[in-house]
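Below is a short briefing on one protein model. Please look over the sequence and the structure before reading the points.

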Amino acid sequence: MPLGPAPSGSLSDVLVGRRSELALLRSVIASPPSLALVEGEAGIGKSRLVAELFAEPDLAGTRRLVGQCEQLQEPLPLSPLLDAFRLAGDELARSGPPNPVTGALAPLLPEIAEHLPPPLPPLPDQRAERHRVFRAAVALLDHLSPLVLVLEDVHWADGGTHDFLAFLAAHLPRDVAVILTVRTEAGLLPIREAFARAPSGPARTIGLAPLGPAEVEELARGILKADLPPTFTAPLYEKTGGIPFVVEEVLRTLLERLPAHELPGRPDVLADLAVPTVLRDVLLQRLSSLDDPAQEILGAAAVIGMTPDDRVLAEVSDRSPLEVAKALARAQSVGLLHEEDGRSRFRHALARQIVYESVAASGRRWLHLRTARALETCALEPGGGPRPVARLAHHFRHAGRTADFVGNAEAAADTALSHGNDATAARFLLQALEVVELPRDVRVRLAVKLGRAAVDGLAHAEAVPVLEHLLATEPLPAALRGELRFALGRLLRQDGAVRAGYLQIEHAIDDLGERPALLGRALAVLAAPETVVDRTIAEHTARCDQAERAAFRGGDPDVGIAVRIARASLLLEQGDPGAWQLIDALLGDERLRATPREHARACLNWAQGALHVGRLDRAESLLAEGRRVTDEADYLRVAEVVALVTAAVDRAAGRWDGLAARVGRLGGASARFAAASPESRLLHGALLAAMGPAERAADCLREVIAVAERVGAVFPLVPARTTLSRLLLSLDDAAGAAGQARAALALVRAKGNWVWGAESVSCLVDALDAVGRADEAAGLVAELRTGLDGADAPLARAALLSAEAVLARAGAPGQADRLLEQALAVLRTAGLRYEEALAAERLGRWRCEREGVAGDGGALLEAALRAYGAMGADRDIARVCRIMRQNGVPIPYPWRGGRPSHGGTLSSREHEVALLAAAGRTNQEIADALFLSRRTVESHVANALRKLGLSSRRDLRTFLLDGAPGGPPDGPA
């Protein structure tokens with residue numbers, strides 16, 4: 001049986017234009033555990049779609065819990081979830097005893113506490129308490145299953161509710177489906193990453209768009225029960241924009257003025273509705289039908305919130321409870337309100353907004369003040385609960401009482417920070433700092449708190465100008481100036497402005513002499529070598545030494561941990577084997593485990609460093625540890641970093657299935673962590689360099705280089721230039737490849753870390769070898785060998801061996817083979833599958849060219865082909881197939897163990913596109929000629945190159961236009 005009511009009140013008996021969306025939503029709940037996001041703008045019909053789902057005969061008896069998010073939330077409400085659970089009392093009474101952990105919910109749900117286990121003893125750690133409440137909620141959902149949990153208007157949920165939903169996504173019970181409705185105009189939900197990574201599968205997003213003209217006509221025809229001429233439906237569509245709620249509200253108003261059968265012939269009635277504020281006119285007309293006392297009470301209700309408390313409303317409006325009840329009843333009768341869970345609630349947020357705006361500005365200020373005073377009074381009464389500082393801040397702000405607003409906003413921020421809700425804290429602090437007449441000491445105090453909250457609260461862009469202005473205009477004591485500069489520097493770095501942030505922190509050092517704890521942390525940040533381009537390893541090491549001295553002087557063990565983390569990272573990036581001893585010691589240190597955010601950041605940073613040197617095994621384990629701690633601590637700030645490092649690890653390990661699409665979504669418009677964006681673009685460019693098309697790969701890598709140079713970030717500038725160098729070499733641009741390699745090596749020399757430069761040296765050697773000048777790089781290779789002495793850096797070691805093999809090949813081919821075999825063994829042991837395939841291909845090609853098919857060169861080429869096939873590296877597949885064909889090595893096509901293939905025969909369209917490409921036409925010219933999209937042309941060209949075992953359009957010209965076979969339907973594999 002259903003446990004929650006479905007929305008009602010629609011004029012239309014049928015759902016119009018949502019057949020596919022309804023079918024998709026139905027399929028989601030039919031296969032639990034599952035998650036669905038129903039998205040669309042206000043009034044688009046999200047709630048109606050969910051209601052229609054459960055109105056279907058075979059689903060009408062589906063057990064469901066329904067919760068509604070409020071527009072104004074306290075820092076830790078979980079109110080929509082608790083409201084949903086309150087509906088489950090009867091079901092709990094009939095069921096067996098729930099899991100004992102659900103007793104943690106008893107104090108929060110007194111209405112159903114008698115059906116829950118006894119409350120559990122409180123935990124001393126508030127984060128542990130919250131985790132237990134989350135576990136209890138999941139256990140209660142499991143106990144009530146099978147069921148569907150529906151949470152409406154999740155865009156209004158606060159951080160605590162979002163955190164629970166992220167937790168639920170990771171621990172969704174087997175027989176539970178979750179449906180969330182959310183407004184698209186409210187911005188991206190912070191739970192999207194968690195929902196995309198849900199073990200039960202990514203959430204299905206069901207987007208609702210406005211109705212088209214024909215669908216608006218169908219909706220109106222169904223409501224009016226009459227055929228409608230275009231003279232009526234066309235302006236109706238124009239007036240409503242195809243939003244179903246607005247269509248219904250317009251028609252509801254028109255039906256109050258005229259009988260339904262008269263409306264089709266009276267299109268003039270639509271002209272009375274102003275554009276584009278149709279809904280405003282509709283609701284104001286309804287509002288005006290109420291008498292003055294009812295309008296005044298409803299205006300006060302709109303100031304209080306979506307679901308005004310009757311008692312508070314009576315006090316704010318200065319009316320008796322009976323007068324309030326009568327006014328709400330009249331408002332409900334005209335459709336401005338509806339009843340929900342026994343309380344009067346505005347029918348829609350837009351309805352509340354229209355009523356709110358109908359109150360004069362001076363009247364609104366007065367009502368906000370009265371509301372704030374009423375809430376203060378309620379909080380002082382016995383059992384009134386904690387002071388609702390968030391709501392008080394809201395009302396005092398709109399009442400124009402700045403001092404009261406600032407005090408409550410700061411208190412709300414402090415409450416949020418105490419619960420680990422940095423984002424909420426940053427929002428309140430930013431609002432408070434907008435007050436122009438703030439006393440100087442208050443402004444400084446709030447700015448310091450903002451600097452602490454904004455880093456983890458992901459309010460980087462908003463907080464930066466506030467701190468910059470304060471530093472530029474206020475004469476601050478040195479210690480405060482240093483703290484603000486340090487905070488500003490961190491924010492700038494998080495926002496992607498690497499050099500600017502680094503310089504701010506450097507400027508902060510002189511001001512922090514009397515604050516050794518902050519000084520130690522600031523110096524630890526400056527010790528990170530992978531940040532700016534114009535600081536040497538020696539300088540970073542000196543900063544780390546200074547940080548250790550500051551930490552010792554301050555005596556704060558947490559600062560000592562932070563400095564040791566920085567030391568480990570510094571050693572790791574240089575390939576120093578001592579890094580692992582320090583990392584292992586830190587991972588076993590209880591002080592690090594006691595600070596989960598520091599723990600998570602350290603693991604993720606070390607995982608990235610491990611990838612830089614080629615220690616995939618350690619990167620995998622560190623990533624797993626970092627992800628676990630992040631999830632347990634609900635540390636949303638690093639969610640994008642976890643996703644990025646996961647993708648980088650998968651790329652290194654050769655787990656490429658679906659990876660390009662995942663990486664493409666990282667660092668996009670939805671990204672909240674700007675510092676991670678260039679690295680995600682680098683990863684995308686590296687994948688495109690292997691998978692194609694090459695043009696997009698080059699554009700992507702050049703974009704990364706431009707951004708990294710602009711912000712002064714050495715990473716990913718060095719690997720981006722190196723990857724572009726390798727790509728250009730594959731396109732026979734030896735000069736361009738050499739130029740990029742030399743530019744990367746200039747950065748490496750300036751930094752003084754040869755571990756980062758080994759692949760650039762290898763690229764430069766290959767580029768010079770391509771033009772017969774490899775011997776020019778002998779001195780550089782010797783310098784690299786010295787720089788890598790004793791380093792634990794498999795990636796750099798293999799690159800050195802490959803470069804030495806190229807140099808030895810002309811005079812000592814046997815030695816070259818042995819060197820390359822060593823490189824292959826290093827990469828195989830390290831688990832770096834793509835680099836291993838490249839080394840196998842090179843060694844196989846050399847042996848085939850020297851020994852023909854008699855040796856094992858063919859087997860090595862086939863192994864490389866299989867590896868490329870498993871990863872979907874189409875450009876590499878094409879190249880190795882060409883090498884195999886040139887050397888008479890049979891191509892096992894389609895190869896076993898690789899990705900599914902459509903065979904080697906070109907389709908008619910692929911052959912048509914390939915012929916035009918071979919004739920020198922660009923992708924855009926081919927697209928225009930064949931009426932295709934440019935991306936489709938790119939796909940056909942890539943497929944043709946792969947199937948024919950070719951690597952470039954130049955090869956297509958030779959293969960297709962000079963008489964070689966390959967066309968449909970008899971072309972070869």
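The model is predicted, so local features need pLDDT of at least 70 and side-chain atom pairs count only at pLDDT 80 or more, while totals for chains, interfaces and linings use all residues. Residues are numbered from 1 along each chain as its sequence is written, and side-chain values use heavy atoms, with hydrogens and water left out. Helices (H or I, at least four residues) and strands (E, at least two) are DSSP runs, numbered from the N terminus.

**Helix pairs**

- Two packed helices are described by the angle between their axes and the distance between the axes.
- Axes are lines fitted to C-alpha atoms, for helices over the stretch in contact, and angles run from 0 to 180 degrees between N-to-C directions.
- Helix H27 (residues 557-573) and helix H28 (residues 578-587) have axes that come within 8 Å and cross at roughly 150 degrees.
- H27 and H28 are therefore roughly antiparallel (angles under 35 degrees count as roughly parallel, over 145 as roughly antiparallel, 65 to 115 as roughly perpendicular and the rest as oblique).
- Residues of H27 that meet H28 include Ile561, Ile565 and Leu572, and the H28 side includes Trp580, Ile583 and Leu586; contact means heavy atoms within 4.5 Å.
- By class, the contact of H27 with H28 has eleven nonpolar, one polar and two charged residues (Ala, Val, Leu, Ile, Met, Phe, Trp, Tyr, Cys and Pro count as nonpolar, Asp, Glu, Lys and Arg as charged, and the others, Gly among them, as polar).
- The axes of helix H36 (residues 714-730) and helix H38 (residues 758-770) come within 9 Å and cross at roughly 25 degrees, so H36 and H38 are roughly parallel.
- From H36, Thr722, Ser725, Arg726 and Leu729 meet residues of H38, among them Glu759, Cys763 and Asp766.
- The contact of H36 with H38 divides into four nonpolar, four polar and three charged residues.

**Helix H18**

- In helix H18 (residues 389-399), the buried residues are Val389, Ala390, Leu392, Ala393, His395, Phe396 and Ala399 (buried means under 20% relative accessible area, exposed over 50%, partly exposed in between, with a 1.4 Å probe and protein chains only).
- Helices H13 (292-304), H17 (361-380), H19 (402-418) and H20 (422-433) are included in what covers these buried residues.

**Arg662 and the cysteines**

- Arg662 is in helix H33 (residues 659-665) and counts as partly exposed because its relative accessibility is 28%.
- Apart from neighbours within four places in sequence, Arg662 is in contact with Thr646, Ala647 and Asp650.
- The count of disulfides is zero, a disulfide being a pair of cysteine sulfur atoms within 2.5 Å.
- For Cys881, the nearest cysteine sulfur is that of Cys848, 13 Å away.
- Cys881 counts as buried because its relative accessibility is 1%.

**Backbone angles in loops**

- The peptide bond from Pro32 to Pro33 is cis, with omega near -5 degrees, and Pro33 lies in the loop between helix H1 (19-29) and strand S1 (34-40).
- Asp153 has a positive phi near 55 degrees and counts as buried at 15% relative accessibility.
- Lys225 has a positive phi near 55 degrees and counts as exposed at 62% relative accessibility.
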